[in-house]
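Please open the model in your viewer and keep the selection tool at hand.

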Amino acid sequence: MKRVIPAVVLLTVVVVGCILSFTTEREHFEKMIRLAEQAEEAYCSGDTEGAQQAAEELAAVFTERSKLMALFLPHAALTEAEKCVQGLTLILPYGEPKDFTAESRRCRLLLKRLWDQEKPTWENVF
């Protein structure tokens, strides 16, 4: 009986930690996906300044979160997403502005795919 109580406490701590980790990562991924959508919508509506600001904010959030994401995400997928996000900030000032919409959609899809890979679903477990 003495071992059951610490085992239950440890199991509870692990479950609560997993739930907290899952919810915080979901919020961060949703925020990054939303920023990619905002950048695309702003550019499509003609607001290049707003699109650039959204892209820079997305890059800042991604850079901040990528240190923690590197612990549990595949590095190849994370590197691909990082290239996309960082490249998005350079398209309007230095590249072909018409590519901005396609690249923002690509960033959004990469971030969504990264999040879909991390969800604890049957497809991801087995």
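Axes here are lines fitted to C-alpha atoms, for helices over the stretch in contact, and angles run from 0 to 180 degrees between N-to-C directions. Helices are DSSP runs (H or I, at least four residues), numbered from the N terminus. This is a predicted model, in which local features need pLDDT of at least 70 and side-chain atom pairs count only at pLDDT 80 or more, while totals for chains, interfaces and linings use all residues. Residues are numbered from 1 along each chain as its sequence is written, and side-chain values use heavy atoms, with hydrogens and water left out.

**First stop: H1 and H2**

Select helix H1, residues 4-44, and then helix H2, residues 48-69. H1 and H2 pack with their axes 8 Å apart, at an angle of about 160°. That makes H1 roughly antiparallel to H2, a term for angles over 145 degrees. The crossing of H1 with H2 is left-handed, which is to say that the near helix is turned anticlockwise from the far one by less than a right angle. To see the contact (heavy atoms within 4.5 Å), show side chains that include Phe29, Met32, Leu35 and Tyr43 of H1, and Ala51, Leu58, Val61 and Phe62 of H2. By class, the contact of H1 with H2 has 15 nonpolar, four polar and four charged residues, where Ala, Val, Leu, Ile, Met, Phe, Trp, Tyr, Cys and Pro count as nonpolar, Asp, Glu, Lys and Arg as charged, and the others, Gly among them, as polar.

**Second stop: H2 and H3**

Twelve nonpolar, six polar and two charged residues make up the contact of H2 with H3.

Within H2, pick out Gln52. Is Gln52 buried or exposed? At 13% relative accessibility, Gln52 counts as buried, the cut-offs being under 20% relative accessible area for buried, over 50% for exposed and partly exposed in between, with a 1.4 Å probe and protein chains only. Leaving aside neighbours within four places in sequence, Gln52 is in contact with Thr89, Leu92 and Pro93.

Move along H2 to Ala60, which counts as partly exposed because its relative accessibility is 45%.

Finally, select helix H4, residues 100-118, which packs with H1 at an angle of about 165°, their axes 9 Å apart. H1 and H4 are therefore roughly antiparallel to each other, and their crossing is left-handed. Residues that meet here include Phe22, Phe29, Ile33 and Tyr43 in H1 and Phe100, Leu111, Leu114 and Trp115 in H4. The contact of H1 with H4 has twelve nonpolar, two polar and seven charged residues.

Colour H4 by accessibility: its buried residues include Thr101, Glu103, Cys107 and Leu110.

Technical notes
Helices (H or I, at least four residues) and strands (E, at least two) are DSSP runs, numbered from the N terminus. Angles under 35 degrees count as roughly parallel, over 145 as roughly antiparallel, 65 to 115 as roughly perpendicular and the rest as oblique.
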